[in-house]
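Okay, everyone, thanks for coming. Let me put the structure up, and then I'll talk through a few charged pairs and the overall fold.

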Amino acid sequence: MTSPPLLRTEPPLADLVAAVRSHAGVSGKSAIARVRTFVDTSDPVHGPGDDGAVVELDGASAVVCGEAIAPAFVRKDPYGAGIAAVLANVNDVAAMGGIPKAIVNTVVGRDADVSEVLRGMRDAASMYDVPIVGGHLTQADSDASLSAFALGQVRRPLSMANVRPGQTVLFAACLDGTMRADFPFFTSIDQQSATLARDVRLLAEVAETGAAVAAKDVSMAGALGSLAMLLEFTRHGARVDLDLMPYPAETDPLRWLLAFPTYGFWLTTTADRVADCQGVFHRHGLTCEPVGQVTETGQLTLARGGSEAIMMDLATEAVTGLWI
């Protein structure tokens with residue numbers, strides 16, 4: 001006997017705004033502002049970076065990035081944490097328009113946990129077709145901790161510095177997956193395992209052809225929080241029509257908007273390149289839909305069913321505080 005389809009219940013816009021703003025993946029980003037004490041924050045492309053930072057080499061450009069995995073997640077699911085460490089880094093490289101080339105890690109903990117972490121990283125590296133080239137491992141009688149770092153190659157970076165009023169905002173994602181019950185992760189690993197290496201490199205394709213100019217991967221801040229981060233540097237706003245937003249079947253809309261999906265990206269492009277950008281993803285069975293437009297004001301506005309609500313005014317407030 002099959003279960004009845006989920007009756008989608010969407011919260012009032014005011015409740016949605018409150019849920020996003022209070023979400024730990026959004027409110028916790030303010031700690032990033034401390035970086036301003038130590039580094040020059042005038043250049044989001046070359047450092048401290050967007051999703052990653054571009055490093056100019058002799059005749060080539062690299063993108064570098066890193067991720068620390070939440071200790072609670074490592075403790076609960078060390079294998080899944082190993083997968084997440086690769087996934088998060090590869091998505092960050094992709095969101096900069098790069099192609100992942102290498103992963104390194106630092107792992108500390110008990111032998112059994114460390115083995116599971118490394119097994120997860122090995123399996124994810126295989127799926128994404130990116131080698132683990134080294135790292136650091138310390139055996140200790142303590143809960144495991146995990147950080148990982150990625151190197152990618154980039155020819156034409158995608159950057160939030162390229163966001164301009166009038167650009168179309170698109171949402172690209174894999175909607176074929178399931179929501180974890182214990183953590184706010186929407187996983188499509190099983191469904192995409194054979195195509196992840198290809199899918200994550202599509203961002204480099206739209207970057208190099210100019211079909212998109214800016215991107216941000218959807219991560220712990222969830223979809224709407226990640227969009228605010230994409231807009232934060234230029235302090236432009238956007239109007240997003242939630243009636244156009246793609247949602248996975250059988251998934252609560254609010255949980256989806258607060259989730260970290262295996263494959264989810266925001267992109268911006270000019271009106272004449274929308275179809276080009278969509279086509280790259282659609283040809284491979286992925287969702288990519290225009291859901292809004294960048295505006296001159298700093299207001300990130302959510303619209304649904306004829307109603308509107310301001311989620312954040314980036315002219316006067318920030319997510320990370322890095323670019324103030």
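So, Arg110: this one is partly exposed, because its relative accessible area is 34%. Keep in mind that we're looking at a predicted model. Which residue does Arg110 pair with? Asp141 forms a salt bridge with Arg110, and the closest N and O atoms are 3.2 Å apart. Asp141 sits in the loop between β4 (132-139) and β5 (145-154), and Arg110 in the loop between β3 (98-109) and α5 (111-128), so this pair ties together parts that are 31 residues apart in sequence. As for Asp141, that residue counts as exposed, because its relative accessible area is 72%.

Side chains of opposite charge can pair when their charged atoms come close.

How many salt bridges are there by this rule? The count comes to 17. One of them is Lys76 with Asp182, where the closest N and O atoms are 3.3 Å apart. Lys76 belongs to helix α3 (residues 71-76), while Asp182 is in the loop between β7 (178-179) and β8 (185-187), so here the parts being tied together are 106 residues apart in sequence. Is Lys76 buried or exposed? Lys76 is exposed, with a relative accessible area of 53%.

Now a pair of neighbours. The side chains of Arg198 and Asp199 meet in a salt bridge, at 2.7 Å from N to O. Arg198 is partly exposed, with 35% relative accessibility. Asp199, on the other hand, counts as buried, because its relative accessibility is 1% and the cut-off for buried is under 20%.

The protein chain carries 24 positive and 37 negative side chains. How far apart do the centres of the two sets lie? They are 1 Å apart.

You'll find Phe281 in helix α11 (residues 274-282). Phe281 is buried, with a relative accessible area of 0%. Which residues does Phe281 touch, if we skip those up to four places away in sequence? The list is Ala172, Leu202, Leu203, Val206, Tyr263, Leu267, Leu286, Thr287 and Cys288. For a sense of distance, Gly120 is 161 residues from Phe281 in sequence, and the two are 27 Å apart in space, C-alpha to C-alpha.

Last bit, zooming out. The secondary structure of the protein chain comes to eleven helices and 15 strands. The C-alpha trace spans about 60 × 55 × 40 Å along its principal axes. The radius of gyration is 19 Å, which agrees with the value near 20 Å that a compact globule of 324 residues would have. Buried residues make up 53% of the 324 residues. If you take contacts between residues at least 6 apart in sequence, 81% of them join residues at least 24 apart. And the accessible surface comes to about 13,700 Å², with 54% of that belonging to carbon and sulfur atoms.

That's my tour, so over to you for questions.

Terms used: Residues are numbered from 1 along each chain as its sequence is written. This is a predicted model: local features need pLDDT of at least 70, side-chain atom pairs count only at pLDDT 80 or more; totals for chains, interfaces and linings use all residues. Side-chain values use heavy atoms; hydrogens and water are left out. Helices (H or I, at least four residues) and strands (E, at least two) are DSSP runs, numbered from the N terminus. The radius of gyration is taken over C-alpha atoms; the globule rule is 2.2 Å times the number of residues to the power 0.38. Buried means under 20% relative accessible area, exposed over 50%, partly exposed in between (1.4 Å probe, protein chains only). Contact means heavy atoms within 4.5 Å. Accessible areas come from the Shrake-Rupley method with a 1.4 Å probe; for residues, only the protein chains shown count as cover. Lys and Arg count as positive and Asp and Glu as negative; His and the chain ends are not counted. The place of a charge is taken as NZ of Lys, CZ of Arg, CG of Asp or CD of Glu. A salt bridge is a side-chain nitrogen of Lys or Arg within 4 Å of a carboxyl oxygen of Asp or Glu.
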